[in-house]
Amino acid sequence: TLFRSSGVGNASATLTNNGSIDISANAVASGTAGTATADASVQGIFQSATANDGSATASLANTGSINITANASAIATGAADASASVNTGISQNAFADTGDATVTLSNSSTGTIDITATATANGDASASADASVSSAINQYATATGGGNASATITNDGAINLTATATAVSANGLADASASVSSAISQTASAAGGGDATVTLTNSSTGSIDIAAVANATGTDANANASLSESVVYQSASANGGGDASVTLTNSTVSGNLVQSASGNAAAASLAGNVSLTLNNCTVAQNDVAASSRGASIVRSRCTVTAEPLATLTSTIVAMTNSSNSAYSDLADDGSTFSNSWIANNSLVQRTSATLSGAGNLTSVDPLLAALAWNGGSTRSHALASSSPALNAGSNVLALSTDQRGQARVFGTAADIGAYEA
């Protein structure tokens, strides 16, 4: 879908699906007396709205099913080679020279979005299977002339982004590789005084499953499965006086790693006219390189005069891992700020920054279990029975459920974090 406005006016690209959209590439090769090679590659849905003197909107609303698939199957008495790739599943772009740029994707409770690559190779002599999904869902909103830029995903249904590779060889090497890179990416950029906002909402009825699966069976066998390049990436930037904001609710941020000595934020870095709001979230077990001073969440100054703002409500920030003693869970990076971190009913295990607010717990261990499947469609950190976070939180947004879809308040008060025990 492409719409461009080159004169005065607005541009919009709209896709509404109440039925079924199937986009697939299928390759099947059978070598009864030799080799077999199958290669399937697909690009899915592309939306672009460009307004040179107005506002631009790209929107996709799904209540039915969207299936974007690449399937490759190779069977041979000799060598079998199968490759399946999805290169860009859904891409939404909005560019506005003077007005607002808005990108939205909504998937209803009855909606399903499946973006999958499946490669299967079965060769007597050898078998190689390679499945990849890259840039499954991409959103870009750019406003250059003072307008606002926003990128929004709202999911009440099912989103499945999967790469599966299976290689079987009776008498030789079996090699299976599956990868998912840049699964969900949202970018909003505003210049000239506008605001930039990025939002991803996965409701209690919604599920987002991102997986890479590799299976290899042979006399020699190699299997490799990888999730890379920020499985979920969000970026909001505002230049020229505007604001950029990111909000997470009922979410867990865990397992991120700073590998470079120059990096200082394992989960989020805030600089300039930006705000981060965490409601009933758990930010835990993120890693900072041993040679790096840093934290899970860091505020820094940049060339603009405005200061970054961070607000934590009933949120855990803890258990940052580092062998360097100069690290924290929250930190201000070598600058003096006039405003404090705003925190209420939150638990911050180790902070070098100043918190303002009420009901906070600091310098205590939240006693979190390892990241695991504790119910629901995403992994979470469970609270131990003696955790200080139990019944110490708040529910200012009147959330009915926690991250897993379980009742949000179970006890005298809400628990701190994304998990309600």
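Strand 23 is joined in the parallel sense to strand 27 (residues 282–284) over three bridges. Within this pairing, Thr-252 has Thr-282 of strand 27 as its bridge partner.

The structure is a predicted model. The protein contains 38 strands and zero helices. Of its 421 residues, 47% are buried. Among contacts with a separation of 6 or more, 75% are made by residues 24 or more positions apart. The accessible surface of the protein amounts to about 16,700 Å², and carbon and sulfur atoms account for 48% of this area.

Parallel pairing was also found around strand 6 (residues 56–62). Five of the seven residues of strand 6 are buried, and the strand is therefore largely enclosed by the rest of the structure. Strand 6 pairs with strand 2 (residues 11–17) through seven bridges in the parallel sense; here Ala-13 has Ala-58 of strand 6 as its bridge partner. Strand 6 also runs parallel to strand 10 (residues 101–107), to which seven bridges join it. In this second pairing, the bridge partner of Ser-59 is Thr-104 of strand 10.

The largest nonpolar core holds 49 residues, of which Ile-68, Val-86, Ile-90, Ile-115 and Val-133 touch the most other members. Strand 7 (residues 65–76) makes the greatest contribution to this core, giving six residues. Another core, of 39 residues, lies apart from the largest one and includes Ala-196, Ala-244, Ala-310 and Leu-312. The surroundings of Ile-115 illustrate the packing in the largest core. When neighbours within four places in sequence are left aside, the contacts of Ile-115 include Ile-68, Val-86, Ile-90 and Val-133. Further contacts of Ile-115 are made with Gly-89, Ala-136, Ile-137, Asn-160, Leu-161 and Thr-162.

Leu-248 belongs to strand 22 (residues 244–249). With a relative accessible area of 17%, Leu-248 falls under the 20% limit and therefore counts as buried. Residues up to four places away in sequence not being counted, Leu-248 touches Gln-234, Val-253, Thr-277, Leu-278, Asn-279 and Cys-281. One of these, Thr-277, is 29 residues from Leu-248 in sequence, yet the two C-alpha atoms are 6.3 Å apart in space.

Backbone geometry was examined in two loops. Most residues other than glycine have a negative phi. Thr-88, which is not a glycine, has a positive phi near 75°. This residue lies in the loop between strand 8 (79–87) and strand 9 (90–96). Thr-88 counts as partly exposed because its relative accessibility is 25%, a value between the limits of 20% and 50%. Ser-135 likewise has a positive phi, of about 50°, although it is not a glycine. Ser-135 is placed in the loop between strand 12 (126–134) and strand 13 (137–143).

The structure holds zero aromatic pairs.

Conventions. Residues are numbered from 1 along each chain as its sequence is written. This is a predicted model: local features need pLDDT of at least 70, side-chain atom pairs count only at pLDDT 80 or more; totals for chains, interfaces and linings use all residues. Side-chain values use heavy atoms; hydrogens and water are left out. Helices (H or I, at least four residues) and strands (E, at least two) are DSSP runs, numbered from the N terminus. Buried means under 20% relative accessible area, exposed over 50%, partly exposed in between (1.4 Å probe, protein chains only). Contact means heavy atoms within 4.5 Å. Accessible areas come from the Shrake-Rupley method with a 1.4 Å probe; for residues, only the protein chains shown count as cover. Two strands pair if DSSP finds at least two bridges between them. Rings of Phe, Tyr and Trp (its six-membered ring) pair if their centres lie within 6.5 Å; planes under 30 degrees apart count as stacked, over 60 as edge-to-face and the rest as tilted. A nonpolar core is a set of buried Ala, Val, Leu, Ile, Met, Phe, Trp, Tyr and Cys residues joined through side-chain atoms within 4.5 Å.
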